[in-house]
Amino acid sequence: QVQLVESGGGLVQAGGSLRLSCAASGTIFRINVMGWYRQAPGKQRELVAYISTGGTTAYADSVKGRSTISKDNPNTVYLQMSSLKPEDTAVYYCSVQQLGRSYWGQGTQVTVSS
């Protein structure tokens, strides 16, 4: 079992920045991919960015150029977001894949005011 705890969300003005953190604990061996998803009210959950064990990254077009995903050690992943827009408002979830199974955090709210 893997437990994920996100932090770093909050209220920020448009154009501002936030850094989200996600710490994994428990049985964290052989985590293949760590990523961030978000879900806005009335919308489906969508992938924001992910980073593989080898450091390969990918981003949704909506955040490309404004966000950076990174990790340190095998169990902490970050999402640095800048030039935030009101449409970035959502609950952001950390997720990891381990041995074919996905684990999710409880989510952290990001609200961007115009």
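Trainee: What makes the pair arginine 38 and glutamate 46 a polar contact?
Mentor: A polar contact is a pair of N or O atoms within 3.5 Å; within protein, one must be able to donate a hydrogen and the other to accept it, and residues adjacent in sequence count only if both atoms are side-chain atoms. The side chains of arginine 38 and glutamate 46 make one of 2.7 Å. That value is within the 3.5 Å limit. A polar contact of 2.9 Å also joins the side chains of arginine 38 and tyrosine 92.

Trainee: What kind of model is this, and how are the residues numbered?
Mentor: It is a predicted model, in which residues are numbered from 1 along each chain as its sequence is written, local features need pLDDT of at least 70, side-chain atom pairs count only at pLDDT 80 or more, and totals for chains, interfaces and linings use all residues. Side-chain values use heavy atoms, with hydrogens and water left out.

Trainee: Is arginine 38 buried or exposed, and how do you know?
Mentor: Buried means under 20% relative accessible area, exposed over 50%, partly exposed in between (1.4 Å probe, protein chains only). Arginine 38 has a relative accessible area of 6%, so it is buried.

Trainee: Where does arginine 38 sit, and what is it in contact with?
Mentor: Arginine 38 is in strand E4, residues 31–39. Strands (E, at least two residues) and helices (H or I, at least four) are DSSP runs, numbered from the N terminus. Contact means heavy atoms within 4.5 Å. Leaving aside neighbours within four places in sequence, the contacts of arginine 38 include Val48, Ser62, Glu87 and Asp88.

Trainee: Which loop holds leucine 99?
Mentor: Leucine 99 is in the loop between E9 and strand E10 (101–104). Phi of leucine 99 is near 50°, again a positive value in a non-glycine residue.

Trainee: How do you know that E3 and E8 pair?
Mentor: Two strands pair if DSSP finds at least two bridges between them. Strand E3 (residues 18–26) and E8 have 6 bridges, in the antiparallel sense. Among the partners, arginine 19 is bridged to glutamine 80 of E8, and leucine 18 to methionine 81. E7 and E8 also run antiparallel, joined by 6 bridges. There, threonine 68 stands opposite glutamine 80.

Trainee: What makes E1 and E7 edge strands?
Mentor: The open sheet has 4 strands in the order E1-E3-E8-E7, with antiparallel pairing. Strand E1 (2–7) and strand E7 (67–72) each have a single partner strand, so one side of each lacks a neighbour in the sheet.

Trainee: Why is E8 described as largely enclosed?
Mentor: 5 of the 6 residues of E8 are buried, so the rest of the structure largely encloses it.

Trainee: What makes cysteine 22 and cysteine 94 a disulfide?
Mentor: A disulfide is a pair of cysteine sulfur atoms within 2.5 Å. The S to S distance for cysteine 22 and cysteine 94 is 2.1 Å, so the pair qualifies. The torsion about their S-S bond is about -80°, so the disulfide is left-handed. Cysteine 22 lies in strand E3 and cysteine 94 in strand E9, so the pair ties together parts 72 residues apart in sequence.

Trainee: Are the two cysteines buried or exposed?
Mentor: Cysteine 22 has 0% relative accessibility, so it counts as buried. Cysteine 94 is also at 0%, so it is buried.
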